[in-house]
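Hi,

Here is the structure I promised to pass on. Have a look at it first, and then read my notes below.

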Amino acid sequence: MGTVHAKSEPSSGDSVGAGTGTGLFEFEEPLEIDDEPVSKPTIKLNGVRARVDRVHVDGLSRTKDDVIRSTVDELFHATDFEDVILRAHKVRRALDAMGCFREIGVLIDVSSGPDATPEGLEVTFQVRELSRVVGGVNTTVSENEGNLVLGVKMPNVLGRGEKLQAEYSMGYRSSSNFSIAATKPYPQKPLVPVLSATVYQQNHEYPWSGYRLLDRGLLLDVAFKTSPVTKHNIQWEGLVRDTSVLSKTTSFKVRESSGPQMKSILRHIVAANAQLIEDVVLQGTCALGVLHDVFGTELPDHLYLGGPTTLRGFRQRGVGPHSDGQATGGRMYWASGLHVFAPLPFVGARGGLGALFRSHVFVNAGCLAAPDAGAALAALGAWRAACGAGVCVRLGRVARLELNYCVPLRALPHDAHAPGLQFGVGADFL
């Protein structure tokens with residue numbers, strides 16, 4: 001929330017004690033006599049009437065005034081001092097979500113001047129804007145693979161939180177990506193939408209299916225929230241891809257899919273969490289995919305399931321049809337999971353480095369199929385399931401690492417299940 005200071009001018013009628021206290025919420029305790037404990041005074045902030053007369057934002061340079069005014073307007077509806085503090089915290093979070101500032105401090109003082117009211121306050125936000133150009137080196141994860149990322153971004157380009165960003169990444173499996181993205185947030189609009197457009201080129205290897213992909217495409221994304229813990233992403237992606245054989249052992253069925261293709265994708269991603277008790281979170285996830293052939297599809301367009309980031313207890317892309325041990329995917333799938341996350345059962349696990357670790361208990365189920373005409377419901381009824389427990393570690397704010405002991409509960413003969421310890425790292429987990 002930053003630093004919040006509250007103070008007021010002393011008055012001749014103050015009778016707080018014999019000290020030299022100068023604040024409305026500042027008390028000097030009398031000397032203790034005979035080491036007897038002295039009770040400390042308490043004040044209920046929601047009983048102190050207050051209103052905000054003025055709001056100042058110091059440190060602005062590129063950021064436009066109109067977006068600041070619409071953000072801080074929240075403060076003028078406060079009715080007491082506690083409400084002022086809570087609304088100041090909310091405004092600070094909204095300013096931080098704009099992506100314009102590196103530091104935001106908050107100062108609450110009594111109102112002064114000819115227009116000051118008896119219960120008036122002045123709220124000052126002290127901000128430091130981000131540099132015009134920011135570069136860095138970091139790491140990301142994708143489909144259980146680590147990547148080194150070189151990036152440069154231009155934050156707050158037009159003064160209302162817009163951002164341009166370019167990244168080049170290299171993975172340890174000879175994959176490489178290049179992308180240029182433009183982002184526009186609307187922190188004060190209903191549902192807090194964020195619009196983004198990305199042009200990219202990706203080069204990935206998929207040893208589980210025996211092919212290599214070179215994708216060039218455009219991704220449009222609308223992100224919004226329907227509650228503080230429920231986030232949605234609606235995406236459209238159009239791309240041109242070139243498929244090539246990965247090795248001499250690649251099956252003939254995979255080789256038939258080699259060559260260039262075009263693809264258009266529509267996605268809706270949603271996730272929600274619920275807190276059961278303090279520090280214990282229940283998470284429910286679900287996914288559903290249907291691939292409809294219009295002009296024909298090749299193996300890289302198929303849907304895949306299985307692995308430590310999707311259906312745990314199975315190998316990467318281990319669920320569904322295979323040809324010569326290589327996954328060929330399907331055209332329909334569903335998957336769901338139920339997870340419980342809690343602190344580790346050790347002393348000190350709730351603070352410091354231990355706060356990054358969580359114990360993890362889960363059960364997940366799903367199905368992947370390539371049904372013939374009229375057999376869709378029967379194919380989707382051939383479900384698989386697994387359960388297990390382990391430890392997960394948060395990596396930054398967007399990724400995590402999991403080490404689980406998995407027990408497959410149901411699998412079909414052609415599935416590649418993986419009982420025992422399973423290690424996974426990624427940004428998106430089922």
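Among contacts (heavy atoms within 4.5 Å) between residues at least 6 apart in sequence, 58% join residues at least 24 apart. Before you go further: this is a predicted model, where local features need pLDDT of at least 70 and side-chain atom pairs count only at pLDDT 80 or more, while totals for chains, interfaces and linings use all residues. Residues are numbered from 1 along each chain as its sequence is written, and side-chain values use heavy atoms, with hydrogens and water left out.

The chain has four helices and 19 strands; these are DSSP runs numbered from the N terminus, with helices being H or I of at least four residues and strands E of at least two.

Now the open sheet. Three strands make it up in the order β1-β3-β2, with mixed pairing; two strands pair if DSSP finds at least two bridges between them. β1 (51–58) and β2 (101–110) are the edge strands with a single partner each, so one side of each has no neighbour in the sheet. On average, neighbouring strands here are turned by 20° against each other, direction ignored. Helix α2 (residues 81–97) packs on this sheet and touches β1, β2 and β3, its direction making about 160° with that of β2. Those angles run from 0 to 180 degrees between N-to-C directions, using lines fitted to C-alpha atoms, for helices over the stretch in contact. β1 and β3 (residues 120–129) run parallel, joined by seven bridges, and Arg51 stands opposite Gly120 in β3.

Which residue lies in strand β11 (residues 259–277)? That is Leu266, and Leu266 is exposed, with a relative accessible area of 70%.

Cheers

Technical notes: Buried means under 20% relative accessible area, exposed over 50%, partly exposed in between (1.4 Å probe, protein chains only).
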